Amino acid sequence: MEPIIHYSPELKQAFHDMFGIAATRRSEFVTPEHLLLALLRQRPFLNALDACLVDSRSIASPLETYIDTLDTLPDGEETPELSMQLSTMLQGAAETAAAGGRTVMGVPHVVRNIMELPESVAAHALLSAISGDKGFFMSRLVTSYPSGDIDTGGDIGYDDDFGMGDDFLPADAEEGADDAWESLVTLVNSQVDSHNPLIGREPELEATMRVLCRKDKNNVLHIGEPGVGKTALVYGLAKKINDAEVAEPLLGAEIYSLDLGTLIAGTQFRGDFEKRLKTVMDGVASREKPIVYIDEIHNLVGAGATGEGSLDASNMLKPYLEGGRIRFIGSTTFDEYKRHFARSKGLVRRFTQVEVKEPTVDEAIDILRQLKPGYEAFHGVSYTERAIDYAARGSARHISDRFLPDKAIDLLDEAGAYRRMHPGDDGSLTVDAPLVAEVLAKVCKVDSLAVKDDDTERLDTLRERVAAGIFGQDKAVEQVTTAVQMAKAGLGEESQPLASMLFVGPTGVGKTEIARVLARELAVPLVRFDMSEFTERHAVAKLIGSPAGYVGYEDGGLLTDAIRKQPECVLLLDEIEKAHPDIYNILLQVMDYATLTDNKGTRADFRNVVLIMTSNAGARYASQAKVGFGNTTTSGEAMMRQVKKTFSPEFINRLTATVVFNDMTRDMASRILDRELARLSERLRARKVSLALTDAARGRLLDEGFSAEYGARELKRVINSRLKPLLMREILFGRLKEGGDAEIDLAGGGLRLR
């Protein structure tokens, strides 16, 4: 069934006059020119022309001249017909009204479509008179016709009857128009049972009711971070009003929620939004004790404005805010308040601010306990007390970009949904702490080791597993694993990274390798930055993002973005001493508070990060360690003296540990050689080749590859340059094309494959 669009009283009168003009002049067809001439009889239309400094006679004259040239009715006929152009125009006007969500077609819809008619005397006469300024003229026209916004309610339709009787506008079209504003608001009092109950918040609720009971400026502004319970506070107030647990000035009060999006939707012309808002406010004011709740109230500033100096919604509400007849409750966040709301000083002074702070973890646990029955009934599951406790504490610890109690409630809700879909092995529908931890791990994109309290087996063997991949650096391994275990035991500072360590030692002794092994054994990603790329001051800014107005501002910060994507990781800053000194100011904040704010004000959380920095600072002083008789100072210790000169005391003091790596020894080199040969053998197995080295061949590789100065990297170079070429030729062109046994021996002063 096609919708029926009704007509405003002014448009109905215009149609009546249009047919009258056509009948007087005995026109055979009724045209848009007849309709425009009829509109010139209406005071609102003339007011719009006056605002454009237009004399109505300049439009009427060409219209009358044109109508006189039209064919007249044949003798015996009294009723003119609608011209094709007029029918098409009216159909377009109806579609315009319907597209704008209108239930009533008004004069502005018709005039807009007249101006768009091609080869029309009416369009030419009107556009010439207003000098083509359609926008301004339409805005004045919409403002002049108050009935163009009437909403009839009920079924909407397009009535194709252009008759002159009462059925031109159905009798029920205006019924309910006075109550049309109710469709644009929500009565909060009737929605209380569908929302979570308000738990706690007695001081904030008391302050809210106290302000609402004032004689003047009885408007409340709730300011708080997203998710702390600002909306719940309003529903809690509504429940108290329903239960008559409020003071006399609030007894029987009705709270109406005003959605700005609903108000703005469908407004096409300047003035539409203002009229709709005024209709709602006048309707609310007709109630006994009205309270208007506006969520995201900062959107009022600028809403409905079309240009410099235009009225916006906030300015339109000021008379209602000042009058005291309607009381207002608004809610916004600190950021949006500073960015938008605080700009309107007149708006700020009319509200009394009530800060809604984030609840503590213990308060959040109490909230969850009281919400527990509702979620158990909805999901058909049962929550353990430990799950309730862990949801609050775990979300507070690991979810840094949201706030309690919202993030803890979401965690419980999702865990309940998961258990409902995936019952336990024994068919139970119990949500316990391990399940909440598993859901939290997925939400936070962190490994379950970080969020599970009972997974200590991996930590217990962490030292042995890291030491298996790092040779000769037992002290360094001990310090690294102890720092991680200390943080996991809860003995570290919660506002700092899991560990912040500086690795110092000669090149090639395993500083970078231990970071890789640690990341692998903790089952977290390794995020590595080569600090030689940040030697310039402007390059350091890329870590947190370029300032506004500079190239790269929209790209964000390299470091902050990486940590937001991988909030639990091993962060390796390789060769930190090569970076510009400004890097240390950034790292001080990370090591102190485990947060870093990028150029857009978004914070990255480093609390689940193991921060490792490597340094070769003072490498040229390492040789001094062996100078002189009886000198037992290692190269690492000699370098440490230089490190204290390179890095500032405040930087060194914030480190969890400064790890000095031992010099490369022949025993370390031998073990590293065996590991590299084992890796090579593993790769050769894919080619069905088995590798064996004689003691002489192995000794030659060790002799050539051992270097205290260059460390393990020299061993890899020797294997790549001496051993692999022999295998490569035989695998590609020789006897190992189909696989086989390869033995490497020493012959003629070099390696030989047989």
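Visitor: In which loop is Leu53 found?

Guide: Leu53 is found in the loop between helix H3 (43-51) and H4, in what is a predicted model. As a general idea, most residues other than glycine have a negative phi, and most peptide bonds are trans. Leu53 has a positive phi of about 60 degrees although it is not a glycine. Leu53 counts as exposed because its relative accessible area is 80%, where the cut-off is over 50%.

Visitor: Where does Arg201 lie, and is Arg201 buried or exposed?

Guide: Arg201 lies in the loop between strand S5 (185-187) and helix H9 (202-212), and its phi, too, is positive at about 60 degrees although Arg201 is not a glycine. With a relative accessible area of 14%, Arg201 is buried, since the cut-off for that class is under 20%.

Visitor: How should I read a pair of packed helices, and at what angle do H2 and H4 pack?

Guide: Two packed helices are described by the angle between their axes and the distance between the axes. Helix H2 (residues 32-39) and helix H4 (residues 57-68) pack at an angle of about 145 degrees, their axes being 10 Å apart, and the crossing is left-handed. On the H2 side the contact is made by Glu33, His34, Leu36 and Leu37, while H4 contributes Ile59, Ala60, Leu63, Glu64, Tyr66 and Ile67. By class, the residues of this contact divide into seven nonpolar, one polar and two charged.

Visitor: What span should helix H1 have, given 1.5 Å a residue?

Guide: Helix H1 (residues 9-24) has 16 residues and should therefore span 22 Å at 1.5 Å a residue, which agrees with the 23 Å between its end C-alpha atoms. The buried residues in H1 are Leu11, Ala14, Phe15, Asp17, Met18, Phe19, Ile21 and Ala22, and just after H1, Arg26 takes a positive phi of about 55 degrees.

Visitor: Which elements do the buried residues of H5 pack against?

Guide: Helix H5 (residues 84-99) reaches 23 Å from its first C-alpha to its last, close to the 22 Å expected for its 16 residues. Its buried residues are Leu86, Met89, Leu90, Gly92, Ala93, Ala94, Thr96 and Ala97, and they pack against H1, strand S2 (29-30), H2, strand S3 (81-82), strand S4 (104-105) and helix H6 (107-115). Just after H5, Gly101 takes a positive phi of about 75 degrees.

Visitor: How many residues of the protein chain count as buried, as a percentage, and where is confidence lowest?

Guide: Of the 754 residues of the protein chain, 49% count as buried, and the secondary structure comes to 32 helices and 22 strands. The mean pLDDT of the chain is 77, with 80% of its residues reaching 70 or more. Confidence is lowest in helix H20 (residues 448-451), at a mean of 43, and highest in strand S11 (residues 382-383), at 92. Over residues 148-178 pLDDT stays under 50, and for this stretch the model has 65 contacts beyond four places in sequence. Residues 304-311 also have pLDDT below 50, with nine contacts in the model beyond near neighbours in sequence.

Methods
Residues numbered from 1 in each chain as written. Predicted model: local features only at pLDDT ≥ 70, side-chain atom pairs only at ≥ 80, totals over all residues. Heavy atoms only, no water. pLDDT = per-residue confidence, 0-100. Helix = DSSP H or I, 4+ residues; strand = E, 2+ residues; numbered from the N terminus. Contact = heavy atoms within 4.5 Å. Expected span 1.5 Å × (residues − 1). Buried < 20%, exposed > 50% of the residue type's maximum accessible area, 1.4 Å probe, protein only. Axes fitted to C-alpha atoms, helices over the stretch in contact; angles between N-to-C directions. Left-handed = near helix turned anticlockwise from the far one by under 90°. Nonpolar A, V, L, I, M, F, W, Y, C, P; charged D, E, K, R; others polar.
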